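Reader: I've got a model open and would like to talk through a few spots in it. Can you take my questions one at a time?

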Amino acid sequence: MLVLGVDPGLTRCGVGVVEGVAGRPLTMRGVGVVRTPVDAELGQRLVAIEQGIEQWLDEYKPEFVAVERVFSQHNVRTVMGTAQASAVAMLCAARRGIPVALHTPSEVKAAVTGQGRADKAQVGAMVTRLLRLDAPPKPADAADALALAICHIWRGPAQSRLQQAVVQNRLQQAHALHASKQAAPAASQPVSPPASKGRTA
């Protein structure tokens, strides 16, 4: 499995590619950051992020793209920028037909370090260890992107099976409901009493 992890951000959008399967050693194929100038117009910054991610998709051709799920923060401006960069990453992947998975920060931290409240230093240290790197990737956005890819490799298949089971269960429920509705009118039809034989004089 080859996964591109994307840690969305307007100024620095972390990207990292990891290859492997759950239960076996993982390999880093590439890591970096797509940067945009803070004084540029918003539209231009989003175009720059799109072009940067497209280059990564062209070069590595990942099977999946894992993006950090945007969560509420006190700084609304930061949230908006993160959400916009996240949407660009999802758009780039969807345009190529590449499946996209969203993982929360706590989910990624728990998958990589074992605890959902780990700090960036702990995440970077575990990413370095898991990928057998000489030093933690810099900046932290790059390490976070690798952590996202690792999280998806480890948890993605299980999540897919769970989602398939949920969909299958819903289909079965819908089929059962449809069948019961079809049977109800027939059961509710009045039964005509048997015809009585007239008396003979």
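Reader: How many Å does helix α2 reach from its first C-alpha to its last?

Author: A quick note before the answer: this is a predicted model, where local features need pLDDT of at least 70 and side-chain atom pairs count only at pLDDT 80 or more, while totals for chains, interfaces and linings use all residues. Residues are numbered from 1 along each chain as its sequence is written, and side-chain values use heavy atoms, with hydrogens and water left out. Helix α2 covers residues 76-95, 20 residues, where helices (H or I, at least four residues) and strands (E, at least two) are DSSP runs numbered from the N terminus. The expected span, 1.5 Å times one less than the number of residues, is 28 Å, and α2 comes close to that, reaching 28 Å.

Reader: Which backbone oxygen does the side chain of Arg-45 reach?

Author: Arg-45 sits in helix α1, residues 42-60. It's buried yet has no salt bridge, with the nearest side chain of opposite charge, Asp-39, 7.2 Å away; a salt bridge would need a side-chain nitrogen of Lys or Arg within 4 Å of a carboxyl oxygen of Asp or Glu. Among the residues Arg-45 touches are Leu-10, Thr-36 and Val-38. At 3.1 Å, the side chain reaches the backbone oxygen of Pro-37.

Reader: Which cysteine has the sulfur nearest to that of Cys-13?

Author: The structure holds zero disulfides, a disulfide being a pair of cysteine sulfur atoms within 2.5 Å. Cys-13 is in none, and the nearest cysteine sulfur is 9.4 Å away. Cys-13 itself is buried, with a relative accessible area of 0%. That nearest sulfur belongs to Cys-92.

Reader: Is Lys-61 buried or exposed?

Author: Lys-61 lies in the loop between α1 and β4. Its phi is near 50°, a positive value in a residue other than glycine. With a relative accessible area of 59%, Lys-61 is exposed.

Reader: What is omega for the peptide bond from Lys-138 to Pro-139?

Author: Pro-139 is found in the loop between α4 (120-130) and α5 (140-188). Arg-132, with a positive phi near 55°, lies in the loop between α4 and α5 too. The bond from Lys-138 to Pro-139 is cis, with omega near -10°.

Key:
Buried < 20%, exposed > 50% of the residue type's maximum accessible area, 1.4 Å probe, protein only. Lys, Arg positive; Asp, Glu negative; His and termini not counted. Polar contact = N/O pair within 3.5 Å; in protein donor to acceptor, adjacent residues only side chain to side chain. Contact = heavy atoms within 4.5 Å. Lists of a residue's contacts leave out its neighbours within four places in sequence.
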